Amino acid sequence: MKDLKKHASFDEQISLLKSRGLTISDDEQAKYILNCINYYRFSGYLFGFRDKSTGMYPQDLTFAQVKRIYDFDRRLTKTLLFALEDIEETLKTRLSYTVTSCYPEDPLVYLNASIYRNHNSFVEFQSLFFSAVKKNKGLPFVKHHIEKYGGNLPMWVAVELFTMGNLHAVYNNLISPLQKKIAKQYGTGPNQLKNWIRNLTYTRNHLAHNMRIYDYDFARSPMQCKNHPFPCEKTNRIFDQVFIMCVMYSDHEEWTNYIIPELNALFEEYSDVIQLQNIGFPENWKDILKY
């Protein structure tokens with residue numbers, strides 16, 4: 001087992017980067033940036049540039065260029081999180097509406113073991129949900145239901161406390177007829193939708209923690225669907241996830257008139273430092289993603 005690396009000052013961090021061939025024209029500006037962006041995070045954007053045999057970076061690579069790639073990543077994250085908010089809210093709505101419409105006399109049906117496949121998974125979900133209620137008891141809508149209804153939250157209220165992880169756990173464990181009804185609304189089957197929700201749960205957590213997207217291998221890709229065939233070779237890069245976001249996005253007009261132009265403008269602004277292939281986007285990505 002190797003010893004852990006010791007603390008390195010900003011000067012030492014800069015010296016290390018220079019020793020590996022990175023061009024830094026303004027040491028003071030670099031120090032300021034490294035005081036705002038953790039060195040470990042910043043150096044992640046250098047990973048793809050480093051020669052595996054020598055450990056060196058290309059001679060023409062600059063600190064400023066890497067900072068621009070980092071800035072691109074932040075803005076791409078912001079746009080994708082905006083899209084994922086819509087997907088999450090739509091999934092909550094369709095899940096709660098579909099289930100309660102099948103059991104209209106039982107607003108607490110989501111707490112009934114009979115609609116789930118696996119009892120242990122149901123018990124685990126219950127525990128997590130009740131913990132979430134307790135943790136959020138100060139929220140106005142939770143407080144209202146505690147005071148007026150003894151803490152009972154009908155499903156259409158309860159889903160407001162669901163995370164993407166909760167949504168995946170609940171959908172994954174629902175009985176088949178309910179799964180099929182929800183999947184049909186996305187033009188796919190239960191197995192595909194389970195896989196898509198799981199993939200986007202991982203993606204959302206990745207983005208929410210501001211982890212790197214550019215030149216990042218997610219080591220996974222959403223399942224194929226005959227109604228929504230993947231139009232190009234999968235790369236395990238973010239484009240694979242974006243394609244499924246496109247399929248699951250609720251407002252086709254907004255996707256076409258806001259999300260795609262946002263992405264296009266971002267790609268054009270940073271075209272001097274990024275390669276679309278490093279995020280898995282093919283040349284005809286706009287044709288693929290438009291409705």
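Predicted model: local features only at pLDDT ≥ 70, side-chain atom pairs only at ≥ 80, totals over all residues.

Visitor: How much space lies in the largest pocket?

Guide: Rolling a probe the size of a water molecule over the atoms shows where empty space is left. On a 1 Å grid over the protein atoms alone, a pocket is an open set of points where a 1.4 Å probe fits, with protein on both sides within 12 Å along at least five of seven lines; lining residues have an atom within 4 Å of a point. Here the largest pocket holds about 730 Å³. Its lining has 22 residues, and the closest to its centre are Tyr39, Tyr40, Arg41, Ser43 and Gly44.

Visitor: Which elements give two or more residues to that lining?

Guide: They are helix H1 (10-19) and helix H3 (39-44). A helix is a DSSP run of H or I with at least four residues, numbered from the N terminus. H3 supplies the largest share, 5 residues. By type, the lining of the largest pocket has 9 nonpolar, 6 polar and 7 charged residues.

Visitor: What is the volume of the second largest pocket?

Guide: About 200 Å³. Helix H5 (119-135) and helix H8 (164-173) each give two or more residues to its lining, and H8 gives the most, with 6 residues. This lining divides into 6 nonpolar, 5 polar and 1 charged.

Visitor: Which residues of H1 are buried?

Guide: Buried means under 20% relative accessible area, and exposed means over 50% (1.4 Å probe, protein chains only). In H1, the buried residues are Gln13, Ile14 and Leu17. They fall within an arc of 95 degrees seen down the axis, so they line one face of the helix. The arc is taken from the directions from the helix axis to the C-beta atoms. The cover over the buried residues of H1 includes H2, H3 and H4.

Visitor: Where are the buried and exposed residues of H2?

Guide: Helix H2 (residues 27-34) buries Ala30, Ile33 and Leu34. These cover an arc of only 95 degrees around the axis, which puts them on the same side of H2. Glu28 and Tyr32 are exposed on the face turned away from the buried side. At the start of H2, a side-chain oxygen of Asp26 comes within 3.2 Å of the backbone nitrogen of Glu28.

Visitor: How many residues of H11 are buried?

Guide: In helix H11 (residues 238-248), 11 of the 11 residues are buried, so H11 is largely enclosed by the rest of the structure. Among what covers them are H4, H10, helix H12 (252-269) and helix H13 (285-289).

Visitor: Is His206 buried or exposed?

Guide: His206, in helix H10 (residues 190-208), is buried, with a relative accessible area of 6%. A contact means heavy atoms within 4.5 Å. Not counting residues up to four places away in sequence, His206 touches Met211, Arg212, Tyr216 and Phe218. A polar atom of the His206 side chain also lies 2.7 Å from the backbone oxygen of Arg212.

Conventions: Residues numbered from 1 in each chain as written. Heavy atoms only, no water. Points joined across faces, edges and corners; volume = space filled by probe spheres on them. Nonpolar A, V, L, I, M, F, W, Y, C, P; charged D, E, K, R; others polar. Polar contact = N/O pair within 3.5 Å; in protein donor to acceptor, adjacent residues only side chain to side chain.
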